[in-house]
Amino acid sequence: MPHWAWCLQPTLAAAAARRATPAAISKRNRFSSSRSSLDPAATVCASTSARGHRQEEDGEQSLVVVGGGAAGVYASIRAKTLAPHLNVVVIEKGRFLSKVKISGGGRCNVTNGHHLEPMGLARNYPRGNKELRGSFFTTHGPQDTMRWFIDHGVELKTEDDGRVFPVSDNSASVVDCLLNEARRLGAGKSVSSASVTEHGKFVLKVEKRTADLVDFINTNYVLVATGSSQQGYAIATQLGHSIIAPVPSLFTFKIADKQLADLSGVTFPRTKAKLKLDGIQKSVAELTQAGPMLVTHWGLSGPVVLRLSAWGARELHRCNYQGTLMVDFIPDIHIEDVKRILFQHKDQHAKHKVNNTFPTEFGLVKRFWKFLLEKESLDGDMHWASMPNNHLNAIALRLKQWTFEVVGKGQFKDEFVTAGGVPISEISLGTMESKKQPNIFFAGEVLNVDGVTGGFNFQNAWTGGYIAGTSIGTLASTSGNLKHQSCLQLEGS
């Protein structure tokens, strides 16, 4: 069990300068050298210990970060960089940077290199696209993120679709970089659970199963970066925040047609898909998306489906993940041209079997073509000369408007994203500080911000963490002057 640095409350004058009473944190268990997991529990700390008061006089400052994911660790590094004297404790219930490790198929999709302009970047966030158009990404955008990692020894590459990965193609490069930097700065003190009291005070009790010891830690600043954990929502609620009910985002579609599983693994480089849901009468532009599509054992996936699931997250939840998906498998060819190409192919390949040859202009794979013929009840051994014209028209229509029944959602293993959380309107985006409770900050997925696939959710974490860390580090580094000035003012009053 790591050692906990003692953290303090600011003096009365400093508290007046910051408009806030800092949070008191307590833990009530004896530490041992074993690394067994901890259980969350809550307790009220009515007063600080004598040791805490002594540190208060010494003028030390402290930050507790609840959540050891991308936003929390990045923020702790930034705060510690600006305020080296700041005591930083990062509390993580599970493994540090677990999402970073598994994202991008274990490669870590760090950010997106094709959307560098803030306005364009913000359009990739179904929740947050309007609010993030301001100074949020201007403060710390994808280029700043990439520069930070490169400066800290992680070489990066941008793939054709804009996704940015470490050159190593291994997320360990990113995880090790962040944790090593945190350790170098001394920001990596951790325990494995956190909670808050039902009385609305931000108090933590960390309890180890194998021992009994009470210890008190008081903190000046708290950053909640718990992702979609219920723990973070509970903390926010008891601090006076509202919560927009979380629902899943970024998931695959389960399709009713069981025969589709025969095409598992087939990819389409470019498709256009439109999602239709009961109860939505008007056309929603975001529910039509274009991009690559993948057939899975249970249905459809790929960037185009994931974007639809993100933009339609709430509507799909209300419809119990039932709907209709219309897919255009050759969106760059007009339907009349599709018909013309098919009729031309019939004339030019009259003696060939329809199973063995089909228009190359469509860019289809043979497995899909055979599946298409089966759906039209056509014998693949017939010759093109025998293909009825009405069937050619039906094939053209199916290629341009194939309808699939969506009957549920699957799981996208690379990203686990939630739509919902603390409303952006309840924090100051310029500082990430709560408007309800001064000295409390939020960053990452705990807020009602989520992006489409492609590195956008991590960029939200890097940016929010950087801004929060900057705010806290700046406050901590200037607190000595603020306290001195406040003391003079109080004495003169």
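Some ground rules come first. In this predicted model, local features need pLDDT of at least 70 and side-chain atom pairs count only at pLDDT 80 or more, while totals for chains, interfaces and linings use all residues. Residues are numbered from 1 along each chain as its sequence is written, and side-chain values use heavy atoms, with hydrogens and water left out.

Start with the whole chain. The protein chain holds 15 helices and 21 strands. Both are DSSP runs numbered from the N terminus: helices are H or I, at least four residues, and strands are E, at least two. The chain has 493 residues, and 54% of them are buried. Buried means under 20% relative accessible area, exposed means over 50%, and partly exposed lies in between (1.4 Å probe, protein chains only). Take the contacts between residues at least 6 apart in sequence: 79% of them join residues at least 24 apart. Contact here means heavy atoms within 4.5 Å.

Now go inside. The largest nonpolar core counts 124 residues. Such a core is a set of buried Ala, Val, Leu, Ile, Met, Phe, Trp, Tyr and Cys residues joined through side-chain atoms within 4.5 Å. H15 gives the most to this core, with ten residues. Phe149 and Phe253 are among the residues with the most contacts inside the core. Leaving out residues up to four places away in sequence, Phe149 touches several others, including Val110, Leu178 and Trp462.

Ser309 sits in helix H10 (residues 303-311). Its relative accessible area is 0%, so Ser309 is buried. A polar atom of the Ser309 side chain lies 2.7 Å from the backbone oxygen of Leu306.

Arg318 belongs to helix H11 (residues 313-318). Arg318 is exposed because its relative accessible area is 62%. Asp278 is 40 residues away along the chain, yet the C-alpha atoms of Arg318 and Asp278 are separated by 9.4 Å.

In the second largest pocket, H4 gives the most to the lining, with five residues. The lining has 14 nonpolar, 19 polar and seven charged residues. Ala, Val, Leu, Ile, Met, Phe, Trp, Tyr, Cys and Pro count as nonpolar, Asp, Glu, Lys and Arg as charged, and the others, Gly among them, as polar.

Note on methods:
A polar contact is a pair of N or O atoms within 3.5 Å; within protein, one must be able to donate a hydrogen and the other to accept it, and residues adjacent in sequence count only if both atoms are side-chain atoms.
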